[in-house]
Amino acid sequence: LGGQRQPAQQMPLVPGVKAIIAVASGKGGVGKSTTAVNLAMGLAAIGQKVGLLDADIYGPSLPRMAGISGRPTSTDGRKLHPMENYGVKIMSMGFLVDEDAPMIWRGPMVQSALQQMLGDVLWGELDVLVVDLPPGTGDAQLTMAQRVPLAGAVIVSTPQDIALLDARKAINMFRKVDVPVLGIVENMSYFCCPNCGHRAEIFAHGGARACAAQYGVDFLAEIPLELAVRETSDAGRPIVVSDPRSPVAEAYRQLAMTV
Ligand code: ADP
């Protein structure tokens, strides 16, 4: 991969979009999409014009998490209007296929779908387009990293060794393709019992901070494991919008201010 990033092949920056930020993880299930949604809504909460692109073609989860369904429309039969909720413009493969329909596609089709979701969507004027990448270091990640002028990538990991191992791979991938790593978010960092206040470090603690120090990147946030994060996300009302005064929502807004 080293040196394969060829600027000549890059798509031009999506017109009107000032910066594209990818949210990535080495492993699935660590809370990458949850972070991407709350980061996007946190950016909107601090006054930014924000778009959110679900680059997970095989398992799009943003429509449900962002509480929006339906089909995007087109005025000219070519370009699609993005969907919009909570002040954020959103595009996902989930709007274009039925929720339980599998995407049985090979890599080049994924690549062209991603390019269309960037280039053939009327994003309008945006300060930031947040891209929720699928987990791992495969086709979609490479398309985004090599063909799209990314301002940087935010890596999400739990503190668990096995998740951090894969987070390191994600960092190394972005480094190989010259995408700046903006830093690491430790999700499910700890759990505080709502009844007795006891703090349990279910997936261990602090590993992402140590990993950030090891790689010389910023440690961006510690997000606790919290019932409300999961519930609000399942209900399509992310915690940043449904309970903006909660400490977790504040942590996401801080993250939005940092990136
Ligand atoms: P990924 O995008 O990495 O696959 P998701 O964002 O889909 O992960 O999260 C996986 C599951 O964990 C979801 O059910 C989500 O609601 C839940 N989850 C994510 N972060 C938290 C958190 N901080 N507290 C509680 N549940 C969380």
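This is a predicted model: local features need pLDDT of at least 70, side-chain atom pairs count only at pLDDT 80 or more; totals for chains, interfaces and linings use all residues.
Guide: Welcome! One term before we look around: a helix crossing is right-handed if the near helix is turned clockwise from the far one by less than a right angle, and left-handed if anticlockwise.

Visitor: Which hand does the crossing of α3 and α4 have?
Guide: α3 passes α4 in a right-handed crossing. By the rule above, the near helix is therefore turned clockwise from the far one.

Visitor: What makes α3 and α4 parallel, perpendicular or oblique to each other?
Guide: The angle decides. Helix α3 (residues 107–119) and helix α4 (residues 139–147) pack at about 45°, with axes 9 Å apart. Under 35 degrees would count as roughly parallel, and 65 to 115 as roughly perpendicular. The pair α3 and α4 is therefore oblique.

Visitor: Which residues of α3 and α4 meet?
Guide: Gly107, Val110, Gln111, Leu114 and Gln115 in α3 meet Asp139, Ala140, Thr143, Met144 and Arg147 in α4. Sorted by class, this contact has four nonpolar, four polar and two charged residues.

Visitor: What is the orientation of α1 to α9, and why is it called that?
Guide: Their axes come within 8 Å and cross at roughly 75°, α9 being residues 247–258. An angle from 65 to 115 degrees counts as roughly perpendicular, so α1 is roughly perpendicular to α9. Asn38, Leu39, Gly42, Leu43 and Ala45 of α1 meet Tyr252, Arg253, Leu255 and Ala256 of α9. That contact holds six nonpolar, two polar and one charged residues.

Visitor: And what makes α5 parallel or perpendicular to α6?
Guide: Helix α5 (residues 161–176) and helix α6 (residues 207–215) have axes that come within 10 Å and cross at roughly 30°. With the limit for roughly parallel at under 35 degrees, α5 is therefore roughly parallel to α6. The crossing of α5 and α6 is right-handed.

Visitor: Which residues come nearest to the ligand?
Guide: Of the 18 residues around the ligand, Gly31, Lys32, Ser33, Thr34 and Arg230 come nearest. Helices α1 (32–45) and α7 (227–234) each supply at least two residues of that shell. The shell divides into six nonpolar, nine polar and three charged residues.

Note on methods. Residues are numbered from 1 along each chain as its sequence is written. Axes are lines fitted to C-alpha atoms, for helices over the stretch in contact, and angles run from 0 to 180 degrees between N-to-C directions. Helices (H or I, at least four residues) and strands (E, at least two) are DSSP runs, numbered from the N terminus. Angles under 35 degrees count as roughly parallel, over 145 as roughly antiparallel, 65 to 115 as roughly perpendicular and the rest as oblique. Two residues are in contact if their C-beta atoms, placed from the backbone, lie within 7 Å. Ala, Val, Leu, Ile, Met, Phe, Trp, Tyr, Cys and Pro count as nonpolar, Asp, Glu, Lys and Arg as charged, and the others, Gly among them, as polar. A residue is near a molecule or strand if its C-beta atom, placed from the backbone, lies within 6 Å of it.
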